[in-house]
Structures are given as structure tokens and as C-alpha cells.
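Q: Here is a structure to look over. Please explain the terms used for its helices.

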Amino acid sequence: MMNNANDIEAEQLLSRLPKPEDVLDIKIQPHEFEQDDDTNFHMDYIIATANLRAENYEIQRVDRNKIKRIAGNIIPVIATTTAMLTGLVCLEVYKFVQHHKNIESYQNAFVNLALPFFGFSEPVPSKRQKYLDKEFTLWDRFEVKGEMTLEEFIEYFKREHKLVPNMVSAGMSVIYSPHFMRQTSKAQDMKRKYVLIFVISNNKFCC
């Protein structure tokens, strides 16, 4: 869940992108990768994206020199499979950013360079399910704002969505599972903020 500041920043970044009708005649030219020229910003881009990925997946970030050494050793890969897959993914991202709603606008890609084989297909719509009078898919989410105690969190779902949570988890930590909790532990946790329960559970798991 993004907070309001992040939402505003994301909207500002999106507003800086050109409108689709403004880039109809744009021509994109390939740019040969050169890691030793610091004026072309190639390495700056790779360093930024590599460390953003590290942040997303909670893996160790690396410095400029190490990334430069790694990039120098994987040029053949960058120029073949990885470049092709990245390009195909980016094509789909462009459609998403431009708010294409028709699922037929998107494509799955199946690629095998050894054959070689390139196949494309339309994605299958997500299975729609229903509870009460509301439809949802695997990709739908409930957005809960503000910190709550576990008791308030459960009552919120009962009140707002007519749902009774039978388990609450975050990552690998189970925050709430009434069938497997001791009564004393359950009574204490119900009065705690669920963020605090996650921190306590995570520390126990790690240590």
C-alpha cells in the first residue's frame, strides 16, 4: 500500500511522460553499450536499475565499481536473451502505463533462441470470483490506511467488507491464526498494533 506522498510523487512522474499521440512519429535508434565512457550515462542507468532491483528484492546493494566489473563480463548476455526479454517486458509496461484496458492489447511471449522460436499469444483473463455482491480476481487488493490494533483490523473487515479473517500473515510471519494461538497470546496480540506483531514475529523467526 502506498501512502499519499508516494501516490502524489507517482502521479507527478506519470504527468511528465509524453502523451501517446505526441510520440506516434518517434523513431528509436539502438545505442551501442559502452561501459568505459562516463559521459554517456550507460553505467549510471545500469547502476540505478540494479540497485532499485536490489531494494525491491531486499538483496545487498553494490557499488559502482562492482557493477561495472559485472557488466563488463556479461555483454554477450546483455546483447542477446536478456536484452530481448527486457524489450518484450518494456513493450507491455508501455501499454500498462498508457492505460490500455483491452486485454487483447497485451501479449504473452514464448521464446527459444536455440530453435529459434518466437511465439505470441493473448493473455487469459483472470478468473472472477464473487463474495456477497462483489466480484474480485487474484489481483484485487483491499487497501487499509492507518495503523490499527489487530482487534481493530479484524473489526474493520467485519464492518466494512462483511468478512471474518481466519488468518493474517505478512511475508513468512503469521500474525493472526485463532485456531493455532494460545488464549493468553491471542488476548495480548489483539490489543497490539499489527505492525508491532509482525516485527516481533519476524525477529523470532530470524533469530
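A: The expected span of a helix is 1.5 Å times one less than its number of residues. Helices are DSSP runs (H or I, at least four residues), numbered from the N terminus. This is a predicted model, where local features need pLDDT of at least 70 and side-chain atom pairs count only at pLDDT 80 or more, while totals for chains, interfaces and linings use all residues. Residues are numbered from 1 along each chain as its sequence is written, and side-chain values use heavy atoms, leaving out hydrogens and water.

Q: How does the reach of α2 compare with the expected 21 Å?
A: α2 has 15 residues. From first C-alpha to last, α2 reaches 21 Å, close to the 21 Å expected.

Q: Which residues of α2 are called buried, and which exposed?
A: Buried means under 20% relative accessible area, exposed over 50%, partly exposed in between (1.4 Å probe, protein chains only). H42, M43, I47, N51 and A54 are buried. Seen down the axis of α2, they fall within an arc of 145°, so they line one face of the helix. The arc is taken over the directions from the helix axis to the C-beta atoms. Y45, L52 and N56 are exposed on the other side.

Q: Why are α2 and α3 called roughly perpendicular?
A: Angles of 65 to 115 degrees count as roughly perpendicular. α2 (residues 42-56) and α3 (residues 64-73) pack at about 105°. The two helices are therefore roughly perpendicular to each other.

Q: What makes up the contact of α2 with α3?
A: Contact means heavy atoms within 4.5 Å. M43, D44, I46, I47, A50 and N51 in α2 meet R64, I67, K68 and A71 in α3.

Methods: Axes fitted to C-alpha atoms, helices over the stretch in contact; angles between N-to-C directions. Parallel < 35°, antiparallel > 145°, perpendicular 65-115°, else oblique.
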